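Please consult the sequence and the structure shown below while reading.

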Amino acid sequence: MATAVHDAADTGRAARRAELEDTARRLAARFEERGRQGYDKGEFVAENIRDLVDSGLTAVNVPRELGGFEADLEENTRLLRIIAGGCGSTAFTLAIHAVLTGSMRSDLSAAVRERMFGAVRDGAFVVGPFTDEGSGGNWVRPSTTARRTEDGFVLDGLKHFATGYDAATHLVLTAGLDDVHLEPPFNLAAFFIEKPGSGIEVAAPWQGFALPMTGSHSLRLDSLPVAAEDSVFPDGLTPLFVMARQQWGHYCFAAVFLGLAERAYELALERTRGRSTTAVSDLARLPGIQFAVARMRSSLATMDALLTEYATRHVDPGEDLPAFVADTCVPKYYITNEAEHVVATAFEVIGGSGIRDGSRIGQIWRDVKAGPLLPFSNDMAREFIGKATLGISPVETPRWV
């Protein structure tokens with residue numbers, strides 16, 4: 001009887017997963033069409049986010065006991081790859097929400113957990129600007145400050161890359177506590193709040209060469225009050241929790257750029273089959289085209305296998321946290337760089353039509369350039385991977401002598 005119940009649950013979950021992926025494919029096709037009109041204008045993907053919320057895709061990480069699907073990390077990456085095929089900006093904006101709602105699911109206090117996932121279940125969209133003016137992508141050493149008050153904290157600072165801020169209903173904000181007994185990075189704190197009406201403003205609207213529709217504005221926090229109960233983790237432990245969930249950021253980001261490369265490959269095939277030029281009656285007969293297609297297909301298969309392996313098996317930090325973080329860098333580093341090569345090859349196969357305004361391959365070529373720049377950047381990823389492999393702690397100080 002227990003086996004039958006378990007099998008029925010597995011069957012039901014598989015059916016629900018297939019339904020979610022079908023929904024993602026339908027929305028991706030819709031997003032791709034919208035992107036033809038809004039990409040070059042840099043219009044924020046607000047309509048796309050509303051569709052994602054209405055479809056239930058933004059609620060896939062809600063825990064089972066709160067009525068949700070409780071998608072695992074690999075399931076999140078699959079959905080993000082599909083959405084990226086239609087719109088990189090939408091997929092990346094959704095990735096931030098997925099990282100926050102997936103990575104924090106098991107670590108929150110009962111009160112914050114119920115508040116966050118109750119809101120997400122009911123249609124909330126969560127964003128988290130972590131890049132600070134004074135520390136860039138070094139997210140464990142924020143320059144934004146959190147000063148204690150009688151009933152909570154006051155936050156001040158400048159945040160960059162607030163992806164999806166226009167659509168946000170809730171925010172996860174990081175800051176450095178001003179406590180003298182907490183040295184960086186252990187003064188890092190995180191807060192989950194409803195999007196406030198004051199104390200925070202757009203300091204610089206987003207204009208980007210890549211992912212131009214993400215609305216990744218710069219935000220100024222000016223004496224923003226947050227309640228004590230909005231603090232997500234115990235004092236001093238936030239950087240450890242963040243590092244222990246780095247796999248969510250690295251694998252979800254990698255999924256977006258793999259999805260872009262997969263769509264570029266599809267476009268190259270669509271533009272090649274049955275197409276003729278003054279030189280040949282069928283471009284698919286040219287050895288150069290065949291070799292390019294073979295290289296792209298092989299690269300995509302390798303990236304798929306790598307991401308699936310890591311998102312399925314490399315999800316728990318174990319006892320060596322720095323080594324685990326280094327492991328999570330592997331798929332992020334490899335996929336974001338290899339995706340660039342696939343997209344460049346697809347662009348070459350498609351040819352001159354790709355440089356026309358509004359071409360989908362042109363949009364993908366621009367978007368994929370952002371992948372290696374996202375935390376961990378190439379240099380940081382290589383340092384973590386190299387040091388861990390050689391038995392050197394990636395976080396020891398001084399880092400260079």
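The lining of the largest cavity comprises nine nonpolar, five polar and no charged residues. In this classification Ala, Val, Leu, Ile, Met, Phe, Trp, Tyr, Cys and Pro are nonpolar, Asp, Glu, Lys and Arg are charged, and the others, Gly among them, are polar. The volume of the largest cavity is about 100 Å³. Its lining has 14 residues, of which L57, V60, N76, L79 and L94 are the closest to the centre. Two or more lining residues come from each of α3 (73-86) and α4. In total, the structure holds three cavities of 30 Å³ or more.

The model is predicted: local features need pLDDT of at least 70 and side-chain atom pairs count only at pLDDT 80 or more, whereas totals for chains, interfaces and linings use all residues. Residues are numbered from 1 along each chain as its sequence is written, and side-chain values use heavy atoms, with hydrogens and water left out.

On a 1 Å grid over the protein atoms alone, a cavity is a set of points where a 1.4 Å probe fits but cannot get out; a pocket is an open set with protein on both sides within 12 Å along at least five of seven lines, and lining residues have an atom within 4 Å of a point. A volume is the space filled by probe spheres set on the points, which are joined across faces, edges and corners. Helices (H or I, at least four residues) and strands (E, at least two) are DSSP runs numbered from the N terminus.

| Pocket | Volume | Lining by class |
|---|---|---|
| Largest | about 890 Å³ | 22 nonpolar, 12 polar, two charged residues |

In the largest pocket, which has a volume of about 890 Å³, I96, G128, F130, F253 and P375 are the closest to the centre among 36 lining residues. Elements giving two or more residues to this lining are α4 (88-103), β5 (170-177), β6 (188-194), α6 (238-244) and α7 (246-272). The most, five residues, come from α4.
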